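User: I would like to go through this structure step by step. Could we begin with how two neighbouring elements pack?

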Amino acid sequence: MTILRRLWTPRDGREPLSVPDALRRAELRRREGRYAEAGALVARALEIDAGNLHAHLLAAYLHVARRATAPAKEEFHWVLGHDPNHARALLGLARIAFEERDTRTCHDLLRRALRFYPEFPEASALLELVRAREAAPPAPVAPAVPSAPRVERLRLPGTGRALIIGRADGGLIASQPVTDDAKDVSEALARMLHVATAVLRRAALGPLHRAIVQDGRDAVFTRTDGELVVSLALPRATDPTQGLLDVNRLWSATQHELGLAAGPPAAAPSSTPADTPGAAPTRRVS
Amino acid sequence: MSGPRLKLALEHDSASRGRHVRDIVQELKRLYGVRGALIVAPDGFVIAAELPGTVEVDSLAALAATLGRELETSATRMGRPSFSTALFSADDGTMFLAASRIGYIVVLAEAQVSVQAIRVALADAIALIEAAWAPGEATG
């Protein structure tokens, strides 16, 4: 509440507004993505009625919308302190727990929500996602590949910035260049693909095969078959078609080196010159 | 947030941005090869949606917001810039996800849709949102 007031201090000379009116207007602003205005109205409602559960719930939503996790948790907990079975607050906290990689807490909160409100599609969808994640075996230390891989022979395209070869469970098979955080990147990649797979399934689009994620620096091209993951970071400006060609080439080469493909690696050329033999070696994690 | 900015937003834009956001989704839906589109807040709240009747909106929105947050939180953990757009290609279609100041824009399209065309449309949509939502709006 203190943080909310600090962020959205109401202006002076404002018109009189009842708590229900303020919250109704706040809901409307929220529906339009006008979070700051909604927050100001919620703050006004809470000034009049500090114990208003709806206002605290709205405050929590608005904090989440602004990616402010800590105050959102505080508000959701406040709501649950007054209504321990409040399904929306339970879902809100479950979502935050998922973000914080606290799968067990997320699972427990969703089950609590669904116990009282079995017809809760958002909670059901998230629980399905969490259960699928829990069902996946933990990433083993050694890669589960049928034969000794020779991934050190793989080469990045000339503009390639990083290559991650991993499994869908997050286990790292190899990386290039050698970095300490490659294992974390592989796990994060697998987790993201797992969520994306759930979204695609929910949209009836079928199993995930390729992904391109762009940020301010890179475009990360990924190919997967649900077991193996090959991910290549290229400059952001890379043409999507060329990036997909590059990752396809590495996919085929990886399958060949791992003994997963019968034939030789695909001969699709890279758009850019391959690294010289003296370039950074690929690290095999085994 | 400054007083004058809030006043301007409250007095002049009270209804227009609600229509505006729906227009953005409808424009995306009209693109060739696009099956549906939605804008979902980071908390999973559906701001606007134009989806096929076979898709359960709230569930999809909840998962799409989870995916958007996953991309953001992973980037933060890795010390990387947050994602701007993402594309996920599957057997029966392609999903696009773009980050905006009010939430995530999701486009569901045919598998063979023009990636470039959708990317340009998403960039336009984000620019429209940026223009319509004052810089102080989503940040307070």
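Analyst: Helix 6 of chain A passes helix 7 of chain A in a left-handed crossing (the near helix is turned anticlockwise from the far one by less than a right angle; clockwise would be right-handed). Helices (H or I, at least four residues) and strands (E, at least two) are DSSP runs, numbered from the N terminus. This is a predicted model, in which local features need pLDDT of at least 70, side-chain atom pairs count only at pLDDT 80 or more, and totals for chains, interfaces and linings use all residues. Residues are numbered from 1 along each chain as its sequence is written, while chains are lettered from A and ligands numbered from 1 in the order in which they are written.

User: At what angle do helix 6 and helix 7 of chain A pack?

Analyst: The angle between helix 6 (residues 87-99) and helix 7 (residues 103-116) of chain A is about 160 degrees, and their axes are 8 Å apart. Axes are lines fitted to C-alpha atoms, for helices over the stretch in contact, and angles run from 0 to 180 degrees between N-to-C directions. Helix 6 of chain A is therefore roughly antiparallel to helix 7 of chain A (over 145 degrees).

User: Which residues meet there?

Analyst: From helix 6 of chain A, they include Leu90(A), Ala94(A) and Phe98(A); from helix 7 of chain A, they include Cys106(A), Leu109(A) and Arg112(A). Contact requires C-beta atoms, placed from the backbone, within 7 Å. By class, this contact has 12 nonpolar, one polar and one charged residues. Ala, Val, Leu, Ile, Met, Phe, Trp, Tyr, Cys and Pro count as nonpolar, Asp, Glu, Lys and Arg as charged, and the others, Gly among them, as polar.

User: New topic: how many residues does each chain give to the contact between A and B?

Analyst: Chain A gives 54 residues and chain B gives 58. On the side of chain A, helix 9 provides the largest share, 10 residues. That side has 30 nonpolar, seven polar and 17 charged residues.

User: And Asp91(B), is that buried or exposed?

Analyst: Asp91(B) is exposed because 11 other C-beta atoms lie within 10 Å (exposed means 12 or fewer, buried 20 or more, and partly exposed in between, with C-beta atoms placed from the backbone).

User: Where is Asp91(B) found, and what does it touch?

Analyst: Asp91(B) lies in the loop between strand 3 (83-90) and strand 4 (93-99) of chain B. Not counting residues up to four places away in sequence, Asp91(B) touches Gly206(A) and Pro207(A).

Terms used
Parallel < 35°, antiparallel > 145°, perpendicular 65-115°, else oblique. Contact = placed C-beta atoms within 7 Å.
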